[in-house]
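Trainee: I have a model open and would like to go through it with you. Where do we start?
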Amino acid sequence: EKGKAPLKLKLDRGKESAVQNLIKMASFAEEDFEDDSDDEDDENDYETDEDSDDDEMPDLDDESAPAPPETPETLKEQGNACYKAKNYVSAVAAYTRAINLAAQLGKPEATYFLNRASAHMMRLSYKEAAADCDRALEFDSSNAKALFRKGKALLAGGHPQEAAAAITLGLVREPGNASALKDRGDAETVGKRLQLARQCLLEKKYVQVWKQIQEIEKFMSGGQDMTMMKIEALCCIGRHSEAYALTTAMMRTNARAPGLLFWRSKCLYYMDQVAPAIKHLQEAMRNDPDNSSYRTEIKKWRSMEAQKEAGNLAFKQGRMDEAIDKWTECLGMDPSHRSYNAKLYLNRGTAHSKMRRHENCVEDCTKALELDDKYLKALNKRAEALRVLGEKEHLERALRDLQAAMELDGEEKQREYKQKIRATQAELKRAGREDLYKLLGAPKDASEDELKKLYKKAALKWHPDRWAAKTDAEKETANATFQKINRAFEILGDKQKRARYDAGADADDLDDPSGGGGGGGHSHGGFGGMSPEMMHMFMRQHMGGRGGF
């Protein structure tokens with residue numbers, strides 16, 4: 001009424017709850033409820049009365065109106081309302097109260113159990129759902145719907161054979177039920193796939209096991225045996241993180257499931273967490289002390305770690321051959337551990353590189369990449385070794401490796417890769433020209449002292465005085481080679497020039513930062529920047545003061 005304050009309702013908790021439930025029920029469309037027909041839609045798979053009489057709603061203005069008495073039917077309707085609202089926990093609670101009250105009144109009904117079974121199904125509580133269907137059948141053994149629903153619960157819970165049997169019994173009572181016929185076919189197919197998956201598991205055909213599991217999971221969510229099969233298959237096809245996550249979930253529900261700790265330890269092992277893997281396996285061994293395979297695995301893992309660490313120590317102390325031997329022995333212990341072995345191959349390749357065995361380094365990095373094709377360190381190390389080898393085909397491979405690594409690596413590394421790629425491209429362009437390192441017989445990673453020694457050796461070999469008694473053609477070749485050697489050392493013996501040369505600059509441009517020609521290499525009679533007097537002094541020092549040849 002205009003001008004008056006709005007009416008405040010004062011209902012006690014019981015009245016308020018009843019009113020709210022009735023209002024909710026009245027707002028649902030009649031076709032949204034399952035009646036006693038054969039609709040098998042899981043989202044509405046519960047029983048309800050066909051009509052809701054709005055006249056029975058209490059007068060909201062009457063504070064003294066008593067709450068309607070609680071009956072099995074009103075509790076069932078409360079459960080239906082919760083089910084419709086997808087509040088399955090509350091639905092189970094309401095149906096349970098209806099069941100208990102009906103039992104007290106001596107009027108139990110199969111409907112209450114079937115409705116609770118539906119709510120259990122939505123909560124993925126398939127064992128409880130199947131049990132409720134059995135209770136419903138105790139009151140009405142001819143109830144085909146109870147058998148069909150039990151079949152669904154058994155199939156979803158991982159029991160396809162029992163599911164097919166229950167549905168078959170239901171079809172005896174309703175032979176024309178198309179939905180049930182389909183469900184039985186699904187159960188039979190799942191049973192066959194499950195049998196095949198178990199056989200493939202025995203034969204260690206893990207890829208086939210996983211394919212079967214993917215098809216099976218379209219109809220059933222698992223159970224303990226199914227989950228363990230899934231964990232083993234995922235672990236053995238290299239999806240260790242997924243398998244480990246499944247073991248974590250299962251630890252919360254059944255930490256003592258047979259084989260769970262073993263496969264959890266295997267996941268950790270393959271994820272390169274050997275120490276916690278050993279701890280898990282030790283716990284598994286305490287639970288199953290007669291299982292000798294656990295003790296064997298622990299012994300192997302410890303031995304692998306010891307060999308790897310021995311190799312690491314030898315490498316740090318500069319004993320490269322010893323490190324290579326230790327890592328080689330470790331590589332033979334478990335060929336199935338791909339990531340572990342990939343790291344060992346890279347380590348061994350790095351040791352070969354330190355000893356200038358670059359072909360061996362390339363070979364080991366290639367083996368590492370065969371085990372892990374996205375192994376960035378192996379791609380970069382192989383590219384580095386290939387660039388040192390320097391032939392055109394090696395440089396082309398190095399360029400491909402650098403481009404592949406650039407795609408895989410982070411944004412902060414892109415500039416560095418671009419510089420390496422430009423340098424390698426420049427080296428490729430120089431591939432048909434003379435290589436300054438080759439002129440001195442030096443590797444591209446030679447130290448300053450090594451360059452000096454190799455230069456002196458080459459200069460002694462090609463000094464014109466040594467070729468004075470030779471033919472004119474031989475003297476001309478020796479003189480030209482001697483000049484090239486001097487020019488090579490002039491560049492490579494200068495840190496800045498060497499760095500620019502290694503980065504791709506042309507040898508003729510190194511005396512002019514702007515890229516112009518010229519250079520000191522031709523200003524002293526062709527002696528590569530060394531005066532005749534200095535060269536004579538140099539030769540006297542290294543020929544024992546004889547002054548000639």
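Mentor: Start with helix H17. What covers its buried residues includes helix H16 (338-354), helix H18 (376-389) and helix H19 (392-408). Cover here is judged by contact, meaning heavy atoms within 4.5 Å.

Trainee: Which residues of H17 are buried?
Mentor: His-358, Cys-361, Val-362, Asp-364, Cys-365, Ala-368 and Leu-369. Buried means under 20% relative accessible area, exposed over 50%, and partly exposed in between, with a 1.4 Å probe and protein chains only.

Trainee: What does H17 span from its first C-alpha to its last?
Mentor: Helix H17 runs over residues 358-371, 14 residues, and reaches 20 Å, close to the 20 Å expected at 1.5 Å a residue. The expected span is 1.5 Å times one less than the number of residues.

Trainee: Before I go on, what kind of model is this?
Mentor: It is a predicted model, where local features need pLDDT of at least 70, side-chain atom pairs count only at pLDDT 80 or more, and totals for chains, interfaces and linings use all residues. Residues are numbered from 1 along each chain as its sequence is written, and side-chain values use heavy atoms, with hydrogens and water left out.

Trainee: How many helices and strands are there in the chain?
Mentor: The protein chain has 25 helices and zero strands. Both are DSSP runs numbered from the N terminus: helices are H or I with at least four residues, strands are E with at least two.

Trainee: And how much of the chain is buried?
Mentor: Of its 549 residues, 43% count as buried. The accessible surface comes to about 30200 Å², and carbon and sulfur atoms hold 50% of that. Those areas come from the Shrake-Rupley method with a 1.4 Å probe; for residues, only the protein chains shown count as cover. As for contacts between residues at least 6 apart in sequence, 55% join residues at least 24 apart.

Trainee: Switching topic: how many disulfides?
Mentor: The count is zero, taking a disulfide as a pair of cysteine sulfur atoms within 2.5 Å.

Trainee: Salt bridges, then. How many?
Mentor: There are 32. A salt bridge is a side-chain nitrogen of Lys or Arg within 4 Å of a carboxyl oxygen of Asp or Glu.

Trainee: Why would such side chains pair at all?
Mentor: Side chains of opposite charge can pair when their charged atoms come close.

Trainee: Which residue does Lys-150 meet in a salt bridge?
Mentor: Asp-134, at 2.8 Å from N to O. The pair links distant parts of the chain, with Lys-150 in helix H6 (residues 144-156) and Asp-134 in helix H5 (residues 126-139), 16 residues apart.

Trainee: Is each end buried or partly exposed?
Mentor: Lys-150 is buried at 19% relative accessible area, while Asp-134 is partly exposed at 32%. Leaving out residues up to four places away in sequence, Lys-150 touches Ala-130, Cys-133, Asp-134 and Ala-166.

Trainee: Where do Glu-490 and Arg-487 lie?
Mentor: Both are in helix H23 (residues 472-492), three residues apart, about one turn of the helix. Elsewhere, salt bridges that share partners join Lys-266, Glu-297, Lys-300 and Asp-334 into one network.

Trainee: Last one: Glu-427. Buried or exposed?
Mentor: Glu-427 counts as buried because its relative accessibility is 7%. Glu-427 is found in helix H20 (residues 414-429).

Trainee: What does the side chain of Glu-427 make a polar contact with?
Mentor: With the side chain of Arg-387, at 2.8 Å. A polar contact is a pair of N or O atoms within 3.5 Å; within protein, one must be able to donate a hydrogen and the other to accept it, and residues adjacent in sequence count only if both atoms are side-chain atoms. Not counting residues up to four places away in sequence, Glu-427 touches Arg-387, Leu-395, Lys-444 and Asp-502.
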